[in-house]
Amino acid sequence: MTPKNVDDMLKSNDETVQRLLGVKGELGKDLGLDIQWAYRIVKQVGNYGEIFERNVGKASVMKMDRGLNDLWTRGGLLYSPPFN
């Protein structure tokens, strides 16, 4: 999910996506946030990968590799808990 497609993702049939974006359920309230917290973050600043790349990654002056800051499926340590 990126700022470019997050509006389209609001129409997703995937219940996990619906919960994360506040379309279904009250995940935000359960976390002490409003229901559209995740939508606004992605819309305004992007997903974690985009934020990393822009600030310390290859697109920044630091030019760091993701390394352990990558997803667990690509050899990193990042794993998102299920949103169900």
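Predicted model: local features only at pLDDT ≥ 70, side-chain atom pairs only at ≥ 80, totals over all residues.
Start by selecting Arg74: at 53% relative accessibility it counts as exposed (exposed is over 50% relative accessible area, buried under 20%, partly exposed in between, with a 1.4 Å probe and protein chains only).

Residues are numbered from 1 along each chain as its sequence is written, and side-chain values use heavy atoms, with hydrogens and water left out.

How many salt bridges does the rule give? The count comes to nine. Side chains of opposite charge can pair when their charged atoms come close.

Select Glu15 and Lys24 next. Their closest N and O atoms are 3.2 Å apart, in a salt bridge. Glu15 is partly exposed at 42%, and Lys24 is partly exposed too, at 34%.

Then pick Arg40 and Asp34. This salt bridge has its closest N and O atoms 2.8 Å apart. Arg40 has a relative accessible area of 34%, so it is partly exposed; Asp34, at 36%, is partly exposed as well.

**Helix 4**

Show residues 37-45 as a cartoon: that's helix 4. Step past the end of helix 4 to Gly46, which follows it and has a positive phi, near 95°.

**Rings**

A pair of aromatic rings is described by the distance of the centres and the angle of the planes. The structure holds two aromatic pairs. For Tyr48 and Phe52, the centres are 6.2 Å apart with 35° between the planes, a tilted pair. (Rings of Phe, Tyr and Trp, the last by its six-membered ring, pair if their centres lie within 6.5 Å; planes under 30 degrees apart count as stacked, over 60 as edge-to-face and the rest as tilted.) Both residues lie in helix 5, four residues apart, about one turn of the helix. Tyr48 is partly exposed at 40%, whereas Phe52 is buried at 6%.

Now select Trp72 and Tyr79: their ring centres are 5.8 Å apart and their planes at 65°, so this pair is edge-to-face. Trp72 and Tyr79 are both exposed.

Go back to Phe52 and bring up Arg66. Arg66 lies over the face of the Phe52 ring, 5.5 Å from the ring centre; the rule asks for NZ of Lys or CZ of Arg within 6 Å of the centre and within 35 degrees of the ring normal.

**Last stop**

Switch to a surface view and colour Val61, Met62 and Met64, which make a nonpolar patch of about 330 Å². Patch residues have over 30% relative accessible area and no salt bridge, with like charges joined within 9 Å and nonpolar side chains (Val, Leu, Ile, Met, Phe, Trp, Tyr) within 5 Å. Accessible areas come from the Shrake-Rupley method with a 1.4 Å probe, and for residues only the protein chains shown count as cover. Met62 is found in the segment after helix 5 (48-55).

Definitions and conventions:
Salt bridge = Lys/Arg side-chain N within 4 Å of Asp/Glu carboxyl O. Helix = DSSP H or I, 4+ residues; strand = E, 2+ residues; numbered from the N terminus.
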